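This report covers one protein chain with its ligands.

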Amino acid sequence: MKKKSLYINTFGCQMNVYDSQQIISQLNPIGYEVSESLDEADLIIVNTCAIREKAQQKAFSFFGRLAVLKRKKPGLIICAGGCVAQQEGKRILERFSYIDLVFGTHALKRLPEHIINISKKRCRISDVEMTDEILEFPSVASQVTNNIVTRFVTIMRGCDNYCTYCVVPHVRGPEISRKPEHIIDEIRKLVDSGVQEVTLLGQNVNSYGIKEGLCSFPELLRLVSETEGLFRIRFTTSHPKDLSQELVFAFRDLDKLCNHIHLPVQSGSNNILKRMNRKYTRELYLEKIDKLRKISPDIAITSDVIVGFPGETEDDFKATLDLVKEVEFDSLFTFEYSDRIKAPAAKFSDKISDDIKNGRLRELLELQEYYTTKKHRALVGSNELILVDGFSKKQDVASDRKGSEGIYWSGRTSTNKIVNFTSGDFFLKDDISIGKKINVKIEKAFLHSLLGKPVNLIPKPSKKKEETHAA
Ligand code: SAH
Ligand code: SF4
Ligand code: F3S
C-alpha cells in the first residue's frame, strides 16, 4: 500500500506534543506517514491551544493558510484538534468551510475511524464528546520518533483546580490519572528504543492517583526510577498547594530525578492569589521553596507569573516583584492576563488596560533577566554533566563560532539549563553524539544558555610532535 502523507502542526503545551505523537502512531496503521511538507500532504492535522487569546489566534490564522491548499488538492483532508477544537466545536466547521473534521481532546481514539469515514464518504464531522475514562493507547510508541533521547509521558489528563483565569479544566475535562503499570510499560518501551530521559506530564502532578486510589506521585517517581537504562526523570507541573514533603524528599532520595522543579506561583499578592482561586498564600509558597532548598540547596526553581489579572493594583504587582527578588528564580515564564470565555475571571470587573499590562510585563522581565544571568554566571568554571540532545540553535553562540571548526552540540544540565559546547581543536576520547552524557566545563554565560568545553578531552597531537615521533 502506498503511504499517504501526514502533516501535523502542534501548538501549545507538552501535553499537545504528547497527543500529537499518539495521533501519529494511531494513523500509521491506516497508511499515514509524517512528512515535513505542507504542500504535499494528503492529511493535515492542526493540534491547537486555547490557553491565551494569542494562542487561539495563531491556530485560526494557520487554518486561514490552508484554504488555498484545499483548492489545489480537493482530496486533501484537514482536521482541527486540541483545545481550541474542544472549545469551539462545530463553530470551526461553520467558519472554515474547507475543514473536514473537528476533534476534541477526548476524541483521539476515534480519529482513525473518522478519517476513514471522511475519505470514503467526503462527510464533515465534529466530535467534541468528553468521557471520564482515561485514554489508553497501548501502542504508543517507540516507533514514532526513533533516535530521540528525551520524551514526554502524560501521566494524567484534565484538571480539577479551576483557577479562575484558566481554560484547561473546561477544554481538557476533569482530572484522570493513568495506571502506574501503563506508565511504566510505556517508559520501558521508550527506553528500549533509545530514550534516556522522560518528562512526566500532568496539570498538577501532585494530585496524581489520589482520586483513583493509585499510588502517590512520589511513589510513581520511585517506580519510574527503577527503569533500567533510564538516565533522567523530569516532571511538570507541580501545583504549590499540593507539594508534599514526600516529594521534597524525592529530590534527596532519587538519583535519576533532575534537580529542577517548575512551581508556578502566578502572583506574589495574597489578594490576587485568592481571586485566582490558587488555594495557597505567598507565605505558604515561600515555605515550600525553603523546604526544597533545605533538602537540595542547588535545586533550580522556575515559575509562571501572570501580570494584569483583573483588579491587580500597583501594590499587588509590587508584591510579585518582591517575591521574585526574594526567591531568585532560575527562570520565569511571564504572561499578560488574557480573558478566556469559559473561565470565570473573564466576567470579573476591574480589567487592567493593555498599556499597564505591557509595562508590568516589561518590568518583570527585566528584573528576571538579572536573576537568570546571575544564576548562569555562577556556573562559569564549574563542570556540568549534560545529556547531549541535539545541535545548538541559538544566536548566543554565534559570535563564538567564528574561526571554530567544531560542531556546536547542545544538551541540558540536571537543572535544565541549556549548554552548548564544541570539541574545538581537540579530539575526544569517545566521539560525541546525541544521547551521550558528557562532562562540560562552563566557560561563558548568556541569558538563554551556557557555553562550555568537554572535560574528557585528549589534546590533538601537534604537527611538531608527530614529526618527532616519526623520526
Ligand atoms: N497547570 C499548570 C499551568 C498550565 S497553563 C499550573 O497550574 O501551573 C500554563 C501557564 O499559562 C499558567 O501557569 C499561567 O501562568 C498561564 N495562563 C493560564 N491561563 C492564562 C490566561 N488566561 N492568561 C494569561 N496566562 C495564562
Ligand atoms: Fe489551569 Fe489551574 Fe489547572 Fe493549572 S491548575 S491547568 S492553571 S486550572
Ligand atoms: Fe494549551 Fe490545551 Fe495545553 S489550552 S496549554 S494545549 S492543555
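Thr227 is buried, at a relative accessible area of 5%; buried means under 20% relative accessible area, exposed over 50%, and partly exposed in between, with a 1.4 Å probe and protein chains only. This is a predicted model, in which local features need pLDDT of at least 70 and side-chain atom pairs count only at pLDDT 80 or more, while totals for chains, interfaces and linings use all residues. Residues are numbered from 1 along each chain as its sequence is written, chains are lettered from A and ligands numbered from 1 in the order in which they are written, and side-chain values use heavy atoms, with hydrogens and water left out.

Thr227 sits in the loop between α9 (217-225) and β11 (232-236). Helices (H or I, at least four residues) and strands (E, at least two) are DSSP runs, numbered from the N terminus. Not counting residues up to four places away in sequence, Thr227 touches Ile187, Arg188, Val191 and Lys256, where contact means heavy atoms within 4.5 Å.

**Annotated cysteines**

The unreviewed UniProt entry carries a "binding site" annotation that covers Cys13, Cys49 and Cys83. UniProt positions are given in the numbering used here, feature names are shortened, and annotations may be inferred rather than shown by experiment. The three residues span 71 residues in sequence, yet no two of their C-alpha atoms are more than 10.5 Å apart, so they gather at one spot.

Leaving aside neighbours within four places in sequence, Cys49 is in contact with Phe11, Gly12, Asn16, Ala55, Gln56, Cys83 and Val84.

**Ligand 2**

The residues around ligand 2 (a heavy atom within 4 Å of it) are Cys159, Asn161, Tyr162, Cys163, Tyr165, Cys166, Val168, Pro169, Gln203, His239 and Arg278. This shell divides into seven nonpolar, three polar and one charged residue. Here Ala, Val, Leu, Ile, Met, Phe, Trp, Tyr, Cys and Pro count as nonpolar, Asp, Glu, Lys and Arg as charged, and the others, Gly among them, as polar.

**Chain totals**

The chain has 16 helices and 21 strands. Of its 471 residues, 54% are buried. Among contacts between residues at least 6 apart in sequence, 74% join residues at least 24 apart.
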